[in-house]
Amino acid sequence: MSLNDQNKVFPAFMYGGGESGELIRNIDWSVTPLGIPDSWSPCLKMLTGTMLSTLSPVLICWGKQYVQLYNDAFRPILGKNKHPRAMGISASETYEEIWDTIGPMFEDVMAGHPVSFPDFMVPMDRNGYSEDCYFNFSYSPIRDEDGKIGGVLVICTETTEKVNSLKELKETNRQLVIAKTADFIAMKRIEESEERFRIMAEATDIMIAVADESSHAVYFNHAWVELTGRPMEELLEFGWADLIHPEEKESWLENYIGAFRQRIPFEGEFRILSKNGDYRWLLAKGPPRFHNDGRFAGYISSCIDITERKRQEMEMERLSEDLAIINEEMAAANEELTTTNEDISHSNEELQLSEQRFKSLIRQAPFAICVIGAEDLMILDVNDDYLELVGRRRDELENRTIWDAVPEASESYAPVMYEVIRSGIAFVADEHEVMLVRNGIPEMLFIDFVYEPVKDLNGIVTAIMVVGIDVTDKVLARRNIEDIEERIRLAVEAAEMGTFDYNYIEDKILTSDRFNQIFGFDHSVTRDELLSRYHESDRNLSAEGHKIAAKTGKLFYEARLIYPDNSLHWIRVQGNVYFDDQGQRKRILGTVLDITEFKRLQQQKDDFISIASHELKTPITSLKASLQLLDRMKDKGTTPMTTKLIGQATKSMNKISELVEDLLNVSRMNQGQVGLNKKTFRLSEMLDDCCNHVRAGGDHELVFEGDRNLEVFADEQRIDQVVVNFVNNAVKYAPNSRKIYLVVEKLGNAARVSVKDNGPGIPKDKLPHLFDRYFRADVSGFQVSGLGLGLYISADIIERHDGKIGVDSEEGKGSTFWFTLPL
């Protein structure tokens, strides 16, 4: 809160809100369509108070002019060009460049129709140039107490950074999905021969191995050789087992050998030592193979390197070859196969075996796969992961068209699939939000998927391979993390705290911008430079605080800083220490807060207590002495001394009453109990009747100047109290100024009343604090009487009249205290 805010009293709903709250409080709302805040509708007051206290970005556009009120969280959306000018003006003026887009939306909301869009793009000029900005927003009608729509409530979160990041990842993800899809397309096309299978196995980076019925490996593809650095001959002699990480070796081999014994599928994750000396995480799956007569034939296992997914939340490694290279190799393989003497096309047994291998690879893939005929959209093959993804049983998909099996997705994605069949161009979806009826229950999922066209040698699309991954957990987790980070950032910014991260081992410190500002720097500096700003008497506090923190784990101390301009500032430093396994300090994370204003108020409170004690003690001592003398003289009857003592006692009692009344007035102000009894009266008459105690004293002459006929509508008693306070100050601080001038004049739509003296004037550095509570212009504190509350009370009275109060003074040239009242 600024010094100006401290001198004013605002409606309760306008308090708080950081910079935006201060801006709202300082706007002259009487010149806006909203009028003065006291006249606002209860609904608008309530929403304004709620907006200023919330951490989410909120914008209120009130009335047909859409007058704007917004909070600190919404402020970054406006950029440097639009804030703070946007506060209190029409939204159509602020958003002129996009009003053609959002203006009709506002009209729909004012008609009672809420509007919302995710990741909505608008081109905005908010930082001196046009930029594409994305937002998640909702426009909602605000109904007043009569149910009428009074304005538009805008809840808005900027997603520009997220959308741009997703665009950058889009091509990477597309290549990833296409490459993975290509492996399975290759498998489809090698279904007619064992040699074709080996060619495709060598062409993929999926690690494929074949074991016979006795668990002896008979084949490892090139991906195994490339990863391990061992030749196939060594791998075939169980030379892969010793590469497994010791923590997984025993359990994985037990799982692997146990599957052979029971002839059941195996699946698991383990780490294996690569030729580069680092361990890579593998996801292995292996379905059992059987001959046509039911005899066990061993396993075809596939391993996928999931190291990146392990490290970065399901992020898969990019394949080394793209789809064009694989298609070229497949075409070359087909041409080579047509010239060979192998006639496996006439062998039903080999055909069935190849078909089984292909189906096995699809069904054991670590992600959802569905193959759909291009001509009739019949489902040709589907694996268990796809069944789990769409929440169906196998009998609900087999021998049916894709849109009969999953009708809830047809409206959105049937046109997309038809376009892929027509154009032969793959469709890649990143984190699409899809509603699927899974096991009879509608669920909203986020899915990465691709529609990849499968073409024959003539380039005709014969099938669509759908490959999908459920990334719902990843998306929700990321959004949750983003929300938490945003809340933390807003909390730190709202508290105006600086943050730091100090590494004890490297003696390096990382600081936030606010931290640097608190220490008086506009950039990051070394720890030694920070310590150089400490007051000479406080430089030991940092070392002592860290010494204690080494034992308790908590850092806390308060110290003084000296800026280059020699100004003094107080800071409070807090932090948590993090230790290594040996109990040695590694780092400390902490905050720093500027408590200069807190210390000033604390000192001001202490000064007030001292002054109040002194001011009350003097009249009480005098009263006590008078009463003691009267008690001794009570049996002597009335004497001149008795009359004098009673007068002194009455004077002391009046002084005590004045001091107590000042304290009670402040209490009433704080509790909102100061009421105004307004009426129309003439200022000159009020001034003629006031301050009779000064006129009676004979030491000062009150001289009236200005308009004697000017009338105002105000609380005459309260205005009289303000004038008396001004005159008393002139008598108190300018005792040698014989004449004190009372000036009345009309300035525009206001009446101005001034009290002018020819005294010594007021030092410039004290002028901003004259209307603060407990402030006294006399730095000695005891040379003049009073609690330092008079001008504070006067300022409250004038502000309750919607007027202004101030002082003009120059040392050696007197002072003029003034206030204005609206006409």
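1. At 29% relative accessibility, D119 counts as partly exposed, whereas its salt-bridge partner K162 is buried at 19%. Here buried means under 20% relative accessible area, exposed over 50%, and partly exposed in between, with a 1.4 Å probe and protein chains only. The closest N and O atoms of K162 and D119 are 3.2 Å apart; a salt bridge is a side-chain nitrogen of Lys or Arg within 4 Å of a carboxyl oxygen of Asp or Glu. The pair links distant parts of the chain, with K162 in helix α7 (residues 160-189) and D119 in strand β3 (residues 115-125), 43 residues apart. Helices (H or I, at least four residues) and strands (E, at least two) are DSSP runs, numbered from the N terminus.

2. The model is predicted, so local features need pLDDT of at least 70 and side-chain atom pairs count only at pLDDT 80 or more, while totals for chains, interfaces and linings use all residues. Residues are numbered from 1 along each chain as its sequence is written, and side-chain values use heavy atoms, with hydrogens and water left out.

3. A search of the whole structure finds 39 salt bridges. In one of them, the side chains of E431 and R478 meet at 2.9 Å, N to O. E431 belongs to strand β14 (residues 427-438) and R478 to helix α18 (residues 472-494), so this contact ties together parts that are 47 residues apart in sequence. E431 is buried, with a relative accessible area of 15%, and R478 is partly exposed at 21%.

4. R572 and E558 also form a salt bridge, again described by an N to O distance of 2.9 Å. This pair links distant parts of the chain: R572 is in strand β20 (residues 568-579) and E558 in strand β19 (residues 554-562), 14 residues apart. E558 is partly exposed, at 23% relative accessible area. Elsewhere, salt bridges that share partners join E431, K474, R478 and E482 into one network.

5. Helix α27 (residues 790-800) is mostly covered, ten of its eleven residues being buried. Among them are Y792, D796 and E799. Just after α27, D802 takes a positive phi of about 60 degrees.

6. Five strands form an open sheet in the order β23-β25-β26-β28-β27, with mixed pairing. Strands β23 (701-706) and β27 (804-809) stand at the edges with a single partner strand each, so one side of each is left without a neighbour in the sheet. The twist averages 20 degrees from one strand to the next; axes are lines fitted to C-alpha atoms, for helices over the stretch in contact, and angles run from 0 to 180 degrees between N-to-C directions.

7. β27 pairs with strand β28 (residues 815-822) in the antiparallel sense over six bridges; two strands pair if DSSP finds at least two bridges between them. The bridge partner of K804 in β28 is T820. Helix α26 (residues 716-733) packs on the sheet and touches β23, β25 (739-747), β26 (750-757), β27 and β28, its direction making about 175 degrees with that of β28. Contact means heavy atoms within 4.5 Å.

8. The whole structure holds 35 aromatic pairs. Rings of Phe, Tyr and Trp (its six-membered ring) pair if their centres lie within 6.5 Å; planes under 30 degrees apart count as stacked, over 60 as edge-to-face and the rest as tilted. W29 and W40 are edge-to-face, at 5.2 Å centre to centre and 85 degrees between the planes. Both residues are in the loop between α2 (18-26) and α3 (42-53), eleven residues apart, and both are buried.

9. The ring centres of W240 and Y256 are 5.5 Å apart and their planes stand at 80 degrees, so this pair is edge-to-face. W240 is in the loop between α10 (232-239) and α11 (246-262), and Y256 is in helix α11, 16 residues apart. W240 and Y256 are buried. They belong to one aromatic cluster, which also includes W252, F260 and F290.

10. Two arginines are placed over aromatic rings. R25 lies over the face of F10, at 6.0 Å from the ring centre, and the charged end of R533 sits over the ring of F521, 3.9 Å from its centre. A charge sits over a ring if NZ of Lys or CZ of Arg is within 6 Å of the ring centre and within 35 degrees of the ring normal.
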